[in-house]
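This report describes the fold, the aromatic contacts and the nonpolar core of one protein model. The sequence and structure are shown first.

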Amino acid sequence: MYVVRIEHAVPEYQAWKEAFDGDPLGRSASGVRGYRIMRPVSDPGRVMIDLEFDDLERAEAMVTRLRELWTRVTVAVDPQAEITEVTDTGRY
């Protein structure tokens, strides 16, 4: 599995969340299998989003589309994205 990890500041979380929920890039149709949104307890004005993919090519295509989207939005400040590969998981 591949994960696109996105991090950025959000001037107003609720406005950002509404934009995220609007799904402007069609996450499901783009190959996203699941997502997780996190906010640091010490800095709730930032978000981290994990988008899960089955294949690398679709993850790379999403990063390209995200970077284009970010040129047109104001709800995300200084967004960064990185593709990671899940190599091991566990639960306790």
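## Helices against the sheet

In this predicted model, helix 1, formed by residues 13-21, lies across strand 1, strand 2 and strand 3. The angle at which helix 1 runs to strand 2 is about 175°.

Helix 2, spanning residues 56-70, lies across strand 1, strand 2, strand 3 and strand 4. Relative to strand 4, helix 2 runs at about 175°.

The four strands form an open sheet in the order 2-3-1-4, and their pairing is antiparallel. Strand 2 (32-38) and strand 4 (77-85) are the edge strands, each pairing on one side only. On average, neighbouring strands of this sheet are turned by 15° against each other, with direction ignored.

Eight bridges join strand 1 (residues 2-9) to strand 3 (residues 46-53) in the antiparallel sense. Within this pairing, Ala9 has Arg46 of strand 3 as its bridge partner.

Three aromatic pairs are found in a search of the whole structure. One of them joins Tyr13 and Trp16, with ring centres 5.6 Å apart and 40° between the planes, a tilted arrangement. Both residues belong to helix 1 and are three residues apart, about one turn of the helix. Tyr13 and Trp16 are both buried. Through ring pairs, Tyr13, Trp16, Phe20 and Tyr35 are linked into a cluster.

Which residue places its charged end over the ring of Phe20? It is Arg27, at 3.9 Å from the ring centre. Arg27 also lies over the face of Tyr35, where the distance to the ring centre is 5.3 Å. Phe20 and Tyr35, the two rings in question, are members of the aromatic cluster.

## Nonpolar core

The largest nonpolar core contains 20 residues, among which Val4, Ile6, Leu51, Phe53 and Leu66 touch the most other members. At least two residues of this core come from each of strand 1, helix 1, strand 3 and helix 2. Helix 2 supplies the largest share, six residues.

When neighbours within four places in sequence are left aside, Phe53 is in contact with Met1, Tyr2, Val4, Ser30, Gly31, Val32, Arg58, Ala59 and Met62. Val4, one of these contacts, is likewise among the core residues that touch the most other members.

Conventions
Residues numbered from 1 in each chain as written. Predicted model: local features only at pLDDT ≥ 70, side-chain atom pairs only at ≥ 80, totals over all residues. Heavy atoms only, no water. Pairing = 2+ DSSP bridges. Axes fitted to C-alpha atoms, helices over the stretch in contact; angles between N-to-C directions. Contact = heavy atoms within 4.5 Å. Phe/Tyr/Trp six-rings, centres within 6.5 Å; stacked < 30°, edge-to-face > 60°. Buried < 20%, exposed > 50% of the residue type's maximum accessible area, 1.4 Å probe, protein only. Lys NZ or Arg CZ within 6 Å of the ring centre and 35° of its normal. Core = buried A, V, L, I, M, F, W, Y, C linked by side-chain atoms within 4.5 Å.
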